[in-house]
Amino acid sequence: MTPAEPAPDQLRRDPLPLRGRVALVTGVSRRAGIGYAIARRLAAQGASLVLHHYAPHDRDQPWGADPGGQEAVTGGVTEALAAPDAAVWHQQADLSDPGAPSRLIESAAATSGFLDILVCNHARSGGDGPLGPLTAEMLDAHWAANARSSILLAQAFAAQHDDRRPGGRIVFMTSGQDLGPMPGEVAYAASKGALTSITQTLADQLAGRGITLNTVNPGPVDTGYAPPDVHEIVRRHFPRGRWGTPDDPARLIAWLVTDDAAWITGQVINSEGGFRRWD
């Protein structure tokens, strides 16, 4: 039996493919970050947004917190809203707390009415090291914030997802640990690599419920963390002579959470612009 071909109106692109849907994006605390770019892309496609943030982490890093605070971050996402009935909310949570992921999902769903999309963009970086000085505390801290919290967020998202709105979407974020070494970042690489490894298993479990789960590796993205000398070295490894921008992976993720990507699940997608790890 030959499958029915799409009707002409089904081939035309909806300018607001996420109209009426609600997305929770974690790690949206800096306008220079990937989470902010993702949130703005989803807002521009019609979605309402719940923005998770945890400013204390950024304040402890060399790049610091957003100079405008969460008000500026939320305001920038609000400006991108395209659907007249769409809205933006924000919530703070330390996702390394074992109970925080489920509380965040419950609170976000209660605030917005329902969650259709979950993008686990948050990450712990810093406080890491090479194998020699590595400690159990370093490993545990990165595991809790990066891997455990993402898996628990997916668990809670699936638990609140029912047949009222089929087609849930989950996106994890990794960093290409399986493509090359990350010197000096053993704990980070181990925790992010775990998300790559678990992608197919979780996607298989969720597929029967109409929920897709994919993982995106954005490659080196200029979010203001690299000092000038490192920035220049990395830049030379890109064929186009520039780092990735936050909007580069955001465009991919915005497509993955639409109906056009309903047949894609269990994939780890590298969005690196041809990044060359070796000269």
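Q: What makes a residue a contact of Val 77, and which residues are in contact with Val 77, leaving aside its neighbours within four places in sequence?
A: Contact means heavy atoms within 4.5 Å. Tyr 36, Ala 39, Arg 40, Ala 43, Leu 49, Leu 51 and Val 88 are in contact with Val 77. This is a predicted model: local features need pLDDT of at least 70, side-chain atom pairs count only at pLDDT 80 or more, and totals for chains, interfaces and linings use all residues. Residues are numbered from 1 along each chain as its sequence is written, and side-chain values use heavy atoms, without hydrogens or water.

Q: Why is a set of residues called a nonpolar core?
A: Its members are Ala, Val, Leu, Ile, Met, Phe, Trp, Tyr or Cys, they are buried, and side-chain atoms within 4.5 Å join them. Buried means under 20% relative accessible area, exposed over 50%, and partly exposed in between, with a 1.4 Å probe and protein chains only. The largest such core here has 31 residues. Ile 38, Leu 42, Leu 49 and Val 77 have the most contacts inside it.

Q: Which element gives the largest share of this core?
A: Helix α2 does, with seven residues. A second, separate core has 27 residues, including Val 50 and Leu 104. In soluble globular proteins, nonpolar side chains tend to be buried together.

Q: Why is Gly 241 called partly exposed?
A: Its relative accessible area is 27%. Gly 241 sits in the loop between α8 (228-235) and α9. Helices (H or I, at least four residues) and strands (E, at least two) are DSSP runs, numbered from the N terminus.

Q: How do you know that β6 and β7 pair?
A: Two strands pair if DSSP finds at least two bridges between them. Three bridges join β6 (residues 212-217) to β7, so the two strands pair. Asn 217 has Asn 270 as its bridge partner in β7.

Q: What makes β3 and β7 edge strands?
A: The seven strands form an open, parallel sheet in the order β3-β2-β1-β4-β5-β6-β7. Both β3 (88-92) and β7 (268-270) have a single partner strand, so one side of each has no neighbour in the sheet.
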